[in-house]
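Reader: I've got a model open and I'd like to learn how to read a sheet and its core. Can you walk me through it?

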Amino acid sequence: MRCNEKWTERIELKTVILPTGSMEAHGAHLPFATDSIIPERIAQEAAKRTNAFLLPTLPYGNTQRLSNFKGTISLTAQGLVYVVKDILKSAIKQGAEKIIILNGHDGNQHSLQVATRDVLEESEKNVKIMVIDAWWNIIPENVLKELNITREFGHAGKEETSVMLYIASESVAIEKAVEQKFVEEHHLTKYYFNDRKVPCEGRPVNASKELGKKIFDAVVDSLVDLIGKP
Ligand SMILES: [Zn+2]
């Protein structure tokens with residue numbers, strides 16, 4: 001993380017990565033910070049390989065939907081827009097020409113898009129901002145097929161739990177993982193409701209470190225490619 005470094009005249013912020021997460025209940029087996037830990041570790045690896053300037057991870061997101069679960073602390077969607085806009089504008093002022101937002105939490109997507117649009121609209125500089133709505137969106141199709149998984153990751157489900165087992169096994173209580181039904185969602189007509197009954201979905205019981213490593217490596221490779229593209 002570049003925030004641990006000391007200032008010098010030579011510091012360059014041409015390409016910047018901002019990981020964004022949430023403080024949100026992730027079942028009894030994963031930590032509240034899961035959506036921050038994963039994109040942060042992915043971004044750390046990619047930054048090492050590309051020399052991109054890695055900003056500290058934004059640990060809060062818009063997670064009102066799980067506010068029934070104690071410990072979940074949320075920004076409003078509007079609050080998140082303001083915070084992200086300020087970070088982007090500040091990075092641009094410091095010379096950023098390309099900014100990659102690597103998001104780890106579903107609920108942040110709209111705010112990140114709004115913030116980015118607003119900043120581009122207001123900026124006089126020639127800057128590119130890439131919003132990766134969710135880190136799992138950049139797993140290549142062939143890898144999904146090979147691993148026999150889909151992009152429909154359940155919240156705290158098998159895939160997310162596998163990645164956590166690989167990168168932060170000390171924070172996973174796998175013995176507390178239980179199988180949970182997916183909360184039904186329709187992708188074209190999104191139905192908003194307030195009564196999510198479980199803070200986890202899918203089959204985290206089937207998670208494995210091996211699967212986690214394969215997913216993690218594939219996402220890091222993809223991110224490195226994306227950073228390298230003009
Ligand atoms: Zn998550």
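Author: Happy to. Keep in mind that this is a predicted model. Let's begin with strand β3, residues 98-103, where five of the six residues are buried.

Reader: Which strands pair with β3, and in what sense?

Author: The general idea first: strands of a sheet pair through backbone hydrogen bonds, either parallel or antiparallel. Here, β1 (residues 15-20) runs parallel to β3, with six bridges between them. On that pairing, Val16 sits opposite Ile99. Strand β4 (residues 128-132) is also parallel to β3, joined by five bridges. Two pairs to click on are Ile100 with Met130 and Lys98 with Lys128.

Reader: What is the order of the strands in the sheet?

Author: Read across, it goes β2-β1-β3-β4, an open sheet of four strands with parallel pairing. The edges are β2 (53-54) and β4, each of which pairs on one side only. Helix α3 packs on this sheet, touching β1, β3 and β4, and its direction makes about 175 degrees with that of β4.

Reader: Now the core. Which residues touch the most other members?

Author: As a rule, in soluble globular proteins nonpolar side chains tend to be buried together. In this model the largest nonpolar core has 52 residues, and those touching the most other members are Val16, Ile17, Ile42, Leu88, Ile99 and Leu102. Helix α2 (residues 77-93) gives the most to this core, seven residues.

Reader: What does Val16 touch, leaving out residues up to four places away in sequence?

Author: Ala52, Phe53, Leu55, Ala91, Ala96 and Ile99.

Key: Residues numbered from 1 in each chain as written. Predicted model: local features only at pLDDT ≥ 70, side-chain atom pairs only at ≥ 80, totals over all residues. Core = buried A, V, L, I, M, F, W, Y, C linked by C-beta atoms within 7 Å. Buried ≥ 20, exposed ≤ 12 C-beta atoms within 10 Å, placed from the backbone. Contact = placed C-beta atoms within 7 Å. Pairing = 2+ DSSP bridges. Axes fitted to C-alpha atoms, helices over the stretch in contact; angles between N-to-C directions.
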